[in-house]
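Please keep the picture in view while I talk.

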Amino acid sequence: GAAIIFFSYIGFDTVATAAEEAKNPSRDLPIGIIGSLGIATVLYVLMCLVITGLQSYEAIDIYAPFATAFKAVGMQWASYIVAVG
């Protein structure tokens with residue numbers, strides 16, 4: 001809970017700082033916010049498609065989904081990288 005609030009505050013601080021430095025903040029900030037949300041959404045959907053392509057959704061481990069999915073298809077090296085990161 002506290003970590004989410006902390007990162008939300010940092011995000012708000014970043015937006016406020018960007019608003020001070022933008023030439024046209026009423027136009028630039030909505031474009032930046034909506035653009036970053038769009039990119040994050042696309043990446044999230046792509047990662048969901050990748051993991052369901054690697055493994056059946058019934059076999060996905062809820063505690064380490066990508067590490068176990070990579071391990072199940074024989075990609076040990078990717079499993080270790082994901083587990084560390």
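This is a predicted model: local features need pLDDT of at least 70, side-chain atom pairs count only at pLDDT 80 or more; totals for chains, interfaces and linings use all residues.

Residues are numbered from 1 along each chain as its sequence is written, and side-chain values use heavy atoms, with hydrogens and water left out.

Let me begin with the overall layout. The secondary structure of the chain comes to 4 helices and 0 strands, where helices (H or I, at least four residues) and strands (E, at least two) are DSSP runs numbered from the N terminus. Of the 85 residues in the chain, 9% are buried, and buried means under 20% relative accessible area, exposed over 50%, and partly exposed in between, with a 1.4 Å probe and protein chains only.

Now to helix H2, which covers residues 25-54 and includes leucine 43. Leucine 43 also belongs to a nonpolar surface patch of about 720 Å², made by Ile39, Val42, Leu43, Tyr44, Val45, Leu46 and Leu49. Patches are made of residues with over 30% relative accessible area and no salt bridge, like charges being joined within 9 Å and nonpolar side chains (Val, Leu, Ile, Met, Phe, Trp, Tyr) within 5 Å.

How many salt bridges does a search of the whole structure find? The search finds 1, a salt bridge being a side-chain nitrogen of Lys or Arg within 4 Å of a carboxyl oxygen of Asp or Glu. Aspartate 28 forms a salt bridge with arginine 27, and their closest N and O atoms are 2.9 Å apart. Aspartate 28 counts as partly exposed at 26% relative accessibility, and arginine 27 counts as partly exposed at 48%.

Is glutamine 55 buried or exposed? Glutamine 55 is buried, because its relative accessible area is 15%. Leaving aside its neighbours within four places in sequence, glutamine 55 is in contact (heavy atoms within 4.5 Å) with Ile60, Thr68, Ala69 and Ala72.

Finally, let us look at H3 itself, where Ala67, Ala69 and Phe70 are buried. Seen down the axis of H3, these buried residues fall within an arc of 165°, so they line one face of the helix; the arc is that of the directions from the helix axis to the C-beta atoms. The buried residues of H3 pack against H2 and helix H4 (76-84). The structure also holds 1 aromatic pair. Phenylalanine 66 and phenylalanine 70 form this pair, which is tilted, with 6.4 Å centre to centre and 40° between the planes. Rings of Phe, Tyr and Trp (its six-membered ring) pair if their centres lie within 6.5 Å, and planes under 30 degrees apart count as stacked, over 60 as edge-to-face and the rest as tilted.

Definitions and conventions: Accessible areas come from the Shrake-Rupley method with a 1.4 Å probe; for residues, only the protein chains shown count as cover.
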